[in-house]
Amino acid sequence: MSKVTVVGAGNVGATCADVLAYREIAEEIVLVDIKEGVAEGKALDIFQKAPINQYDSRTTGSTNDYTKTANSDVVVITSGLPRKPGMTRDDLIETNAGIVKSVTENVIKHSPNAIIIVVSNPLDVMTYQAHITAGTSRNKVIGMAGILDTARYRAFLAEELNVSPKEIQAILMGGHGDTMVPLPRYTTVAGIPVTELVAKDKLDAIIERTKFGGGELVKLMGTSAWYAPGSAAAQMVEAILKNQRRVFPVCIKLEGEYGIDDCYLGVPVILGKNGVEKVLELDLNAEEKALLETSRGHVKEVMEVLNKLGK
Ligand SMILES: NC(=O)c1ccc[n+]([C@@H]2O[C@H](COP(=O)([O-])OP(=O)(O)OC[C@H]3O[C@@H](n4cnc5c(N)ncnc54)[C@H](O)[C@@H]3O)[C@@H](O)[C@H]2O)c1
């Protein structure tokens with residue numbers, strides 16, 4: 001029986017729980033929040049949708065009672081503040097680091113073998129926080145950002161070419177922020193290199209829009225996105241529970257890959273029953289290496305801020 005806990009019953013967490021339920025990715029889903037009644041209410045609402053949308057997954061909620069999360073196979077952490085207009089993801093560090101730390105302590109106490117997927121921002125550094133708090137191996141504490149950033153890039157390309165978004169395959173690396181590294185060299189449209197179909201100036205504009213894709217939505221809505229982020233986290237859960245060995249960009253602690261040590265960054269990985277089964281190392285060209293180095297430098301700076309806060 002597969003059991004998944006989603007911590008944070010806000011926009012992203014509730015969406016993730018909903019996708020996990022209606023797509024029957026997990027048999028049992030526990031939604032947890034600190035706000036009295038919110039997780040119970042949203043879980044009940046999702047369960048009451050089951051007869052309409054025809055699914056068997058069972059969703060329950062809990063206000064901060066982690067005994068109900070015991071023996072989860074996967075835990076998704078979405079608790080924390082989202083951005084408001086004018087804020088960067090890094091502005092959230094102080095508040096969210098404390099939340100991610102206490103949540104991880106509770107989670108690991110009741111589910112010591114769980115694979116943890118972090119969603120809270122600033123993503124790469126919150127993955128760092130969760131990893132050191134959990135004290136488990138790096139393949140089991142990972143961050144969701146790359147699937148979302150790649151999905152935004154793929155959606156913009158599908159719009160530009162007027163083709164199905166399903167036809168766009170792409171990979172993106174680096175931190176979850178403005179220094180992310182889209183890789184046009186590894187972007188195809190049903191196997192056709194994207195550079196054969198989209199002019200350079202158009203492609204450059206799409207890459208720029210992707211980098212600020214999160215900010216575009218914050219500006220429109222006054223808070224950050226949730227449909228695509230929640231679905232992206234659920235897709236990672238699915239790859240793990242079904243041992244799909246899918247290739248996704250995922251945030252993980254690098255230990256020498258790409259010549260980078262002790263930094264949490266998005267890289268292509270194989271995702272399966274053990275979490276990250278393998279980090280894939282691409283042969284980056286000089287320009288791509290330079291972009292990745294900039295991204296590494298930025299994430300490392302924010303990791304230092306966390307170190308100074310005392311983790
Ligand atoms: N990684 C990504 O790509 C990505 C994408 C979107 C959002 N995010 C981040 O995800 C987080 C959640 O975003 P959201 O839009 O769902 O925010 P939200 O405000 O809608 O929900 C956050 C929820 O966390 C809960 N919470 C706060 N402290 C808690 C605690 N200690 N224990 C349990 N629950 C607690 C709040 O009560 C709230 O319900 C934010 O940090 C946001 O920046 C990341």
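## About the model

Because this is a predicted model, local features need pLDDT of at least 70 and side-chain atom pairs count only at pLDDT 80 or more, while totals for chains, interfaces and linings use all residues. Residues are numbered from 1 along each chain as its sequence is written, and side-chain values use heavy atoms, with hydrogens and water left out.

## The annotated binding site

An unreviewed UniProt entry places the feature "binding site" at Gly 8, Ala 9, Gly 10, Asn 11, Val 12, Gly 13, Asp 33, Asn 96, Val 119, Ser 120 and Asn 121. From this set, the lining of the largest pocket takes in Gly 8, Ala 9, Gly 10, Asn 11, Val 12, Gly 13, Asp 33, Asn 96, Val 119, Ser 120 and Asn 121. UniProt positions are given in the numbering used here, feature names are shortened, and annotations may be inferred rather than shown by experiment. A pocket, on a 1 Å grid over the protein atoms alone, is an open set of points where a 1.4 Å probe fits, with protein on both sides within 12 Å along at least five of seven lines, and lining residues have an atom within 4 Å of a point.

Gly 10 is found in the loop between strand 1 (3–7) and helix 1 (11–22), where helices (H or I, at least four residues) and strands (E, at least two) are DSSP runs numbered from the N terminus. Gly 10 counts as partly exposed because its relative accessible area is 31%, given that buried means under 20%, exposed over 50% and partly exposed in between (1.4 Å probe, protein chains only). Not counting residues up to four places away in sequence, Gly 10 touches Thr 15, Asp 33 and Lys 42, contact meaning heavy atoms within 4.5 Å.

## Asn 96 and the helix pair

Asn 96 has its place in helix 4 (residues 93–110), and its relative accessible area is 0%, so Asn 96 is buried. Leaving aside neighbours within four places in sequence, Asn 96 is in contact with Gly 80, Leu 81, Asn 121 and Met 126.

Helix 4 packs with helix 5 (residues 123–134) at an angle of about 35 degrees, their axes 9 Å apart; axes are lines fitted to C-alpha atoms, for helices over the stretch in contact, and angles run from 0 to 180 degrees between N-to-C directions. The residues of this contact divide into 8 nonpolar, 4 polar and 2 charged, where Ala, Val, Leu, Ile, Met, Phe, Trp, Tyr, Cys and Pro count as nonpolar, Asp, Glu, Lys and Arg as charged, and the others, Gly among them, as polar.

## The annotated active site and its loop

The unreviewed UniProt entry places the feature "active site" at His 176, a residue found in the loop between strand 8 and strand 9. His 176 is buried because its relative accessible area is 11%. Leaving aside neighbours within four places in sequence, its contacts include Arg 89, Asn 121 and Asp 149.

Met 180 is found in the loop between strand 8 (172–173) and strand 9 (181–182), and at 3% relative accessibility Met 180 therefore counts as buried. The C-alpha atoms of Met 180 and Leu 265, 85 residues apart along the chain, are separated by 9.5 Å.

## A buried glutamate

Glu 257 lies in the loop between strand 12 (246–255) and strand 13 (261–272), and its relative accessible area of 10% is why Glu 257 counts as buried. Leaving aside neighbours within four places in sequence, Glu 257 is in contact with Arg 138, Val 279 and Glu 281.
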